[in-house]
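Have a look at the structure first, then go through the points in order.

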Amino acid sequence: MIRAVLTEVGVFLIPFAVYALFLVATRSGVIDTSSWPAAMVVRLSVIAALLTILSLVLLANFSGAPPTSTYTPAHIENGRLVPGTEK
């Protein structure tokens, strides 16, 4: 669960990191507050939210087992634990 949350947080931070790299490349001062106007932060937040939503949709559609698969739970066979599988 923590991996999924950290992945989405990372996706959300991508636009801010790209903008910070742009500021570093143009030597505009990353820490300077004038380099982060409110309009730019709002734009970056909207882009970040859209990226996060896209990431969640892609994760829901292309991860996990196929919808027609059957889950076999973990069980014990001959004294050994057999992990759960999806067939």
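1. Let's start with burial. Of the 87 residues of the protein, 14% count as buried; buried means under 20% relative accessible area, exposed means over 50%, and partly exposed is in between, using a 1.4 Å probe and protein chains only.

2. A word on what you're looking at. This is a predicted model, where local features need pLDDT of at least 70 and side-chain atom pairs count only at pLDDT 80 or more, while totals for chains, interfaces and linings use all residues. Residues are numbered from 1 along each chain as its sequence is written, and side-chain values use heavy atoms, with hydrogens and water left out.

3. Confidence is highest in strand β3 (residues 80-82), at a mean of 95, and lowest in strand β4 (residues 85-86), at 87.

4. Now the fold. You'll find two helices and four strands, in the order α-α-β-β-β-β along the sequence. The radius of gyration is 21 Å, well over the 12 Å that the globule rule gives for 87 residues, so the protein is more spread out than a compact globule. Helices (H or I, at least four residues) and strands (E, at least two) are DSSP runs, numbered from the N terminus. The radius is taken over C-alpha atoms, and the globule rule is 2.2 Å times the number of residues to the power 0.38. Along the principal axes, the C-alpha atoms fill a box of roughly 70 × 25 × 20 Å.

5. How do the rings of Tyr19 and Trp36 pair? Their centres are 4.8 Å apart and their planes sit at 80°, so the pair is edge-to-face. The rule is that rings of Phe, Tyr and Trp (its six-membered ring) pair if their centres lie within 6.5 Å; planes under 30 degrees apart are stacked, over 60 edge-to-face, and the rest tilted. This pair links distant parts of the chain, 17 residues apart: Tyr19 is in helix α1 (residues 2-25), and Trp36 is in the loop between α1 and α2 (38-62). Tyr19 is buried at 13% relative accessible area, whereas Trp36 is partly exposed at 24%. The structure holds three aromatic pairs, and ring pairs join Tyr19, Phe22 and Trp36 into a cluster.

6. Check out the nonpolar patch on the surface, too. Met1, Ile2, Val5, Leu6, Val9, Phe12 and Leu13 make it up, with about 720 Å² of accessible area together. Patch residues have over 30% relative accessible area and no salt bridge; like charges are joined within 9 Å, and nonpolar side chains (Val, Leu, Ile, Met, Phe, Trp, Tyr) within 5 Å. A salt bridge is a side-chain nitrogen of Lys or Arg within 4 Å of a carboxyl oxygen of Asp or Glu.

7. Most residues other than glycine have a negative phi. Arg27, though not a glycine, has a positive phi of about 55°; Arg27 is in the loop between α1 and α2 and is exposed at 79%. Asn78 also has a positive phi, near 55°; Asn78 belongs to the loop between β2 (75-77) and β3 and is exposed at 81%.

Key:
Accessible areas come from the Shrake-Rupley method with a 1.4 Å probe; for residues, only the protein chains shown count as cover. pLDDT is the predictor's confidence in each residue, from 0 to 100.
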